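Subject: Structure for your files

Hello,

Here is the structure you are taking over. My notes on what was found in it come after.

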Amino acid sequence: MNGALTAKMTRDSAVVVLMTSVALVLFGFLFVLAMSNWAQDLLLLWSKIGFIQRMFRFVLSIDLQGEVTVNTLIVSGFVHPFLLMITWGCIVSICTHFIVEPIDRGTADLLFTLPISRATYFVSATAVWVSASGVIACAALLGIWIGGEWFDLTPPLPIFRLILVVMNLWILYFAIGCLAMCVAALVNRRTQAVGGMVALLLSSFLINVLEAFIPFFRAIRFLGLLCYYRPVEILQSGNPSWTHIAVLTGIAVVSWVIGCGLFMRKDIPVA
């Protein structure tokens, strides 16, 4: 890893990360506000109308089982489509910017004449977006924690279990970032890399949503990344699924190694 290169990449991505983090803190606070006002009504409907359970499964891609409390509803904010899409967009934007945009813009031939190996460049880019993904994951936690403290919830939010949820969320981001780098190393246009990742992530999201209604998608749920991200289950059990974490880590490592190999051997087009 090169310190000067890492510092430059950090500056280049700082605005995107800052804007995403601010949006996540604000979203978390407002989500807790909404749940604190509507939780009792939602819990009443939950206990009487089974259709509400299926709606939660469809809208938030979660399967609420066992005792459902205000805290359970609040933690469902970690799988809200807004949170997922804005964070996924941030990670994909950063990864594709570093890996494929120099080729797309025609500046890669100049960049790679610097006394820095491609492996060093790839590792430096990885360090930047991994740190950025940790920041935005913590921002999601911060917004919900501030909301919980501001509105004095009863019972209070279990902070340790929320940290475990954020750990699972960060590992999901790790897998997505490594996949984005692999796809970016495979193509020569940033639009192709972004389009490929959008298709992959939307497919994963749809599999997770439709499995509640269509048996076929339930059978292939393991193909979706969100199958291995279960914040509500972590809140209820107090323990992360180490199998899910191992799968996401395996996806990340394999994707990163393949992406690094492709990037190191990549031919730079002249036009």
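Arg 161 touches Ile 234, Leu 235, Gln 236, Ser 237 and Gly 238, leaving out residues up to four places away in sequence; contact here means heavy atoms within 4.5 Å. Arg 161 sits in helix α8. Helices (H or I, at least four residues) and strands (E, at least two) are DSSP runs, numbered from the N terminus. Between the C-alpha atoms of Arg 161 and Gln 236 there are 8.7 Å, although the two are 75 residues apart along the chain. Arg 161 has a relative accessible area of 30% and so counts as partly exposed; buried means under 20%, exposed over 50%, and partly exposed in between (1.4 Å probe, protein chains only).

Before the rest, a word on how to read this. The model is predicted, so local features need pLDDT of at least 70 and side-chain atom pairs count only at pLDDT 80 or more, while totals for chains, interfaces and linings use all residues. Residues are numbered from 1 along each chain as its sequence is written, and side-chain values use heavy atoms, with hydrogens and water left out.

Overall fold

The protein chain has twelve helices and zero strands. Of its 271 residues, 48% count as buried. Among contacts with a separation of 6 or more, 80% are between residues 24 or more positions apart. The chain exposes about 12,900 Å², and carbon and sulfur atoms supply 70% of that; accessible areas come from the Shrake-Rupley method with a 1.4 Å probe, and for residues only the protein chains shown count as cover.

Core

The largest nonpolar core has 73 residues. Such a core is a set of buried Ala, Val, Leu, Ile, Met, Phe, Trp, Tyr and Cys residues joined through side-chain atoms within 4.5 Å. Phe 78, Ile 99, Leu 172, Ile 176 and Tyr 229 have the most contacts inside it. The elements that give two or more residues to this core include α1 (3-48), α7 (118-150) and α12 (242-264). Helix α8 gives the most, with 16 residues. Tyr 229 touches Phe 78, Val 79, Leu 84, Val 165, Asn 168, Leu 169 and Leu 172, again not counting residues up to four places away in sequence.

Helix α7 and the surface

Thr 126 is in helix α7 and is buried, with a relative accessible area of 11%. Beyond its neighbours within four places in sequence, Thr 126 is in contact with Met 181 and Trp 256. From Thr 126 to Cys 95 is 8.0 Å, C-alpha to C-alpha, and 31 residues in sequence.

Ile 146 is also in helix α7, but is partly exposed at 30% relative accessible area. Leu 142, Trp 145, Ile 146, Trp 150, Ile 159, Phe 160 and Ile 163 make a nonpolar surface patch of about 720 Å². Helix α7 supplies the largest share of the patch, four residues.

Cysteines

A search of the whole structure finds zero disulfides, a disulfide being a pair of cysteine sulfur atoms within 2.5 Å. For Cys 182, the nearest cysteine sulfur is that of Cys 178, 9.2 Å away. Cys 182 is buried, with a relative accessible area of 16%, and Cys 138 is partly exposed at 47%.

Regards

Definitions and conventions
Patch = residues over 30% accessible without salt bridge, like charges linked within 9 Å, V, L, I, M, F, W, Y side chains within 5 Å. Salt bridge = Lys/Arg side-chain N within 4 Å of Asp/Glu carboxyl O.
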